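Biologist: I would like to learn how to read strands and a core from a model. Can we go through one step by step?

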Amino acid sequence: MVLAEMLLVERLPLEMKTCFVENDSMFSVGLSDLSSSSSVSDKACVVWGCVLCGSETTAVFKADDDLLENQLFIKTICLGEEAGDEMHVVTVCDGVGSKPLPIATLRHCMPMISFSSLELTPPVTFKLCTGKGPVYISGQHITLNPIEMTEVEEEEEDEEEKEDG
């Protein structure tokens, strides 16, 4: 995790931010501005995270039931400093009822795992199978709009039709 990402994660409780990619450049917009902005790109990236510990040993990531394509990229899974020196096993299961798959085994000698590209399609359920935690899971929720065409694509399509017709 780079320093900029760690600083963003530390500030999350104050104000959740959404990063948008538009014309290969990124800018940040508060989540409250998301619904009112008409210039928002078709791609959105939101920092996502959860804590598994004590009685809260499961966390479910669900996306809204809309026409958007949703992906969850897991970046890190790490132990909290309060965690006991026991084995902590985290599993993930998809929403279709498949068998849980272990994705992290953590202990104080190896307290963190970083993933370069663990991509999951919602809904997914994370479960702390062994250990008491806390275990922190962080990632990025990417939302793509595959149906809507941008104005540039529509103009290109119109020009092609004029040339053919």
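Biologist: In which sense do β3 and β10 pair, and over how many bridges?

Modeller: Keep in mind that this is a predicted model. Strands of a sheet pair through backbone hydrogen bonds, either parallel or antiparallel. Here β3 and β10 pair in the antiparallel sense, over 10 bridges. Within that pairing, C50 lies opposite I137 of β10.

Biologist: Is β3 mostly covered or open?

Modeller: Mostly covered: seven of the 10 residues in β3 are buried.

Biologist: What is the strand order in the open sheet of four strands?

Modeller: The order is β4-β9-β6-β7, and the pairing is antiparallel. β4 and β7 stand at the edges with a single partner strand each, so one side of each has no neighbour in the sheet. From one strand to the next, the twist averages 20°. Inside this sheet, β6 and β9 pair over six bridges, and T91 has K127 in β9 as its bridge partner.

Biologist: Which residues of the largest nonpolar core touch the most other members?

Modeller: As a general idea, in soluble globular proteins nonpolar side chains tend to be buried together. The largest nonpolar core in this model has 24 residues, and I74, I77, V90, F126 and I137 touch the most other members. Strands that each supply at least two residues of this core include β3 (43–52), β6 (88–94) and β10 (135–144).

Biologist: What is V90 in contact with, leaving aside its neighbours within four places in sequence?

Modeller: Its contacts include L52, I77, L101, I103, L128 and I137. Of these, I77 and I137 are also named with V90 among the core residues that touch the most other members.

Note on methods:
Residues are numbered from 1 along each chain as its sequence is written. This is a predicted model: local features need pLDDT of at least 70, side-chain atom pairs count only at pLDDT 80 or more; totals for chains, interfaces and linings use all residues. Side-chain values use heavy atoms; hydrogens and water are left out. A nonpolar core is a set of buried Ala, Val, Leu, Ile, Met, Phe, Trp, Tyr and Cys residues joined through side-chain atoms within 4.5 Å. Buried means under 20% relative accessible area, exposed over 50%, partly exposed in between (1.4 Å probe, protein chains only). Contact means heavy atoms within 4.5 Å. Two strands pair if DSSP finds at least two bridges between them. Axes are lines fitted to C-alpha atoms, for helices over the stretch in contact, and angles run from 0 to 180 degrees between N-to-C directions.
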